Amino acid sequence: MEYLLEFQPTDASQDFKLVSSSDQSVAFGLLAEWDTKGVAEGEYTLRLTARDKLEHSKDHAITVTVDNTKPVVTIERPITNQKLSEKTTIIGNIEDLHPREYTLQILQEDEVRWTETKSLSNSQS
């Protein structure tokens, strides 16, 4: 028995490339660790093929998204070291190709813990 774990862009613009292979059986265990740092970002087909000693084979494929870019975040208002009183509007920007969630936290000068003020989840991810 052997298995191959391979990937290719979902548009099939390239051939499948090997992630890992083995001749050892695996039952609900680790098949491979795929380092995607050298892979262009985008959607890929990840395919697992198993083949027995009689050359019978079966494969299963899934689609995954490679995203190694960290989000870009900025706070536009208030500005650094601005003195605040009463209710303050906080304006910022979050840029990411695949946003999932963000959390806004505030640390007061005399506090040792962050207070969460706003959290947003994107259930579409």
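This report describes the strands, the nonpolar core, the salt bridges and a surface patch of a predicted model.

## Overall make-up

The chain has 125 residues. It contains 8 strands and 0 helices, so read from the N terminus its elements run β-β-β-β-β-β-β-β.

Of the residues in the chain, 13% count as buried. The chain exposes about 10,700 Å², and carbon and sulfur atoms supply 49% of that area. Contacts can also be sorted by how far apart the two residues are in sequence. Among contacts between residues at least 6 apart, 36% join residues at least 24 apart.

## The nonpolar core

Which residues make up the largest nonpolar core? It has 6 residues in all: Leu5, Phe7, Val39, Tyr44, Leu46 and Val66. Two elements give two or more residues each to this core, namely β1 (2–9) and β3 (42–51).

Valine 39 is one of the core residues. Leaving aside neighbours within four places in sequence, valine 39 is in contact with Phe7, Tyr44 and Val66, and also with Trp34 and Asn68.

Side chains of opposite charge can pair when their charged atoms come close. The structure holds 3 salt bridges.

One of them joins the side chains of arginine 51 and glutamate 2, at 2.8 Å from N to O. Arginine 51 is in strand β3 and glutamate 2 is in strand β1, so this pair ties together parts that lie 49 residues apart in sequence. Arginine 51 counts as partly exposed because its relative accessibility is 24%. Glutamate 2, at 30% relative accessibility, also counts as partly exposed.

Another salt bridge is formed by the side chains of arginine 47 and glutamate 6, again at 2.8 Å from N to O. Here arginine 47 lies in strand β3 and glutamate 6 in strand β1, so the parts tied together are 41 residues apart in sequence. Are the two partners buried or partly exposed? Arginine 47 has 22% relative accessibility and counts as partly exposed. Glutamate 6 has 13% and counts as buried, because the cut-off for buried is under 20% relative accessible area.

Salt bridges that share partners join Glu2, Arg51 and Glu55 into one network. Glutamate 55 is exposed because its relative accessible area is 58%, and the cut-off for exposed is over 50%.

## A nonpolar patch on the surface

Nonpolar residues are found on the surface too. Ile75, Ile90 and Ile106 form a nonpolar patch there, and together they have about 260 Å² of accessible area.

Where does isoleucine 90 lie? It is in the loop between β5 (72–77) and β6 (91–95). With a relative accessibility of 40%, isoleucine 90 counts as partly exposed, because that value falls between the cut-offs for buried, under 20%, and exposed, over 50%.

Notes
Residues numbered from 1 in each chain as written. Predicted model: local features only at pLDDT ≥ 70, side-chain atom pairs only at ≥ 80, totals over all residues. Heavy atoms only, no water. Patch = residues over 30% accessible without salt bridge, like charges linked within 9 Å, V, L, I, M, F, W, Y side chains within 5 Å. Areas by Shrake-Rupley, 256 points an atom, 1.4 Å probe, with all protein chains shown as cover. Salt bridge = Lys/Arg side-chain N within 4 Å of Asp/Glu carboxyl O. Helix = DSSP H or I, 4+ residues; strand = E, 2+ residues; numbered from the N terminus. Buried < 20%, exposed > 50% of the residue type's maximum accessible area, 1.4 Å probe, protein only. Core = buried A, V, L, I, M, F, W, Y, C linked by side-chain atoms within 4.5 Å. Contact = heavy atoms within 4.5 Å.
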